[in-house]
Amino acid sequence: MAKSHRHVRKDVPHVRKDPPHDGFPEGRRAGPLGPAGTTLIEVLVATLVLISGVLGMVQLLLTAAAANAASRDTTITATLAAQKVEQLLSSDLSDASAFVDHIDRWGHVLGTGESPPRDALYTRRWSIEPLSGDVVSIHVRVGRTDRSSAPGTMLAETRLTMITRRGPS
């Protein structure tokens with residue numbers, strides 16, 4: 001068999017073709033989406049972005065939980081006020097034996113004194129004022145019991161006023 005020799009033309013200078021330079025340091029190769037591997041700066045920036053996103057979500061959840069608790073208190077105090085108005089309307093509106101009661105988390109009356117019992121969460125106060133003849137004004141205030149302030153202080157207070165006639169309607 002004959003040996004094949006490459007024929008090199010002497011009139012054309014020999015040019016060595018290097019692989020194309022992709023702009024990355026020696027040893028780093030470009031993949032289909034960019035350089036293979038990441039630098040420490042890129043990792044730190046990505047971590048910082050992730051942490052700021054997580055902290056934003058935590059703040060959002062805490063704000064939503066606080067708003068939910070405030071809405072729950074408003075709903076409960078409005079319901080307790082409406083219940084007291086209904087109870088007073090079903091009476092003859094002349095019995096003014098108790099103007100305050102303290103209510104637990106289940107809606108049960110725990111006491112009627114000025115200072116709330118230990119398990120009381122809500123305080124409900126009401127008054128019946130005669131306006132003219134048989135017309136009366138019913139005022140009901142309900143709020144979260146505040147043990148840290150002066151007696152009679154309520155948090156998240158709801159007020160309900162109704163003007164009606166005494167006796168059966």
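**Salt bridge exercises**

Arg-125 counts as buried, at 14% relative accessibility. Buried means under 20% relative accessible area, exposed means over 50%, and partly exposed lies in between (1.4 Å probe, protein chains only).

This is a predicted model: local features need pLDDT of at least 70, side-chain atom pairs count only at pLDDT 80 or more, and totals for chains, interfaces and linings use all residues. Residues are numbered from 1 along each chain as its sequence is written, and side-chain values use heavy atoms, with hydrogens and water left out.

**Exercise 1.** Find the salt-bridge partner of Arg-125.

*Solution.*
- Start with the term. A salt bridge is a side-chain nitrogen of Lys or Arg within 4 Å of a carboxyl oxygen of Asp or Glu.
- Glu-114 is the partner, with the closest N and O atoms 3.4 Å apart.
- Now place the pair. Arg-125 sits in strand S5 (residues 122-132), and Glu-114 in the loop between strand S4 (109-111) and S5. They are eleven residues apart.
- Strands (E, at least two residues) are DSSP runs, numbered from the N terminus.

**Exercise 2.** Describe the salt bridge between Glu-157 and Arg-141.

*Solution.*
- The N to O distance is 3.0 Å.
- Glu-157 lies in strand S7 (residues 154-165) and Arg-141 in strand S6 (residues 135-145), so the pair ties together parts 16 residues apart in sequence.
- Glu-157 is partly exposed at 29%. Arg-141 is partly exposed at 25%.

**Exercise 3.** Describe the salt bridge between Glu-157 and Arg-159.

*Solution.*
- Here the N to O distance is 2.7 Å.
- Arg-159 is exposed, with a relative accessible area of 62%.

**Exercise 4.** How many salt bridges does a search of the whole structure find?

*Solution.*
- The search finds eight.
- Lys-84, Asp-101 and Arg-124 are linked in a network of salt bridges.

Key: Helix = DSSP H or I, 4+ residues; strand = E, 2+ residues; numbered from the N terminus.
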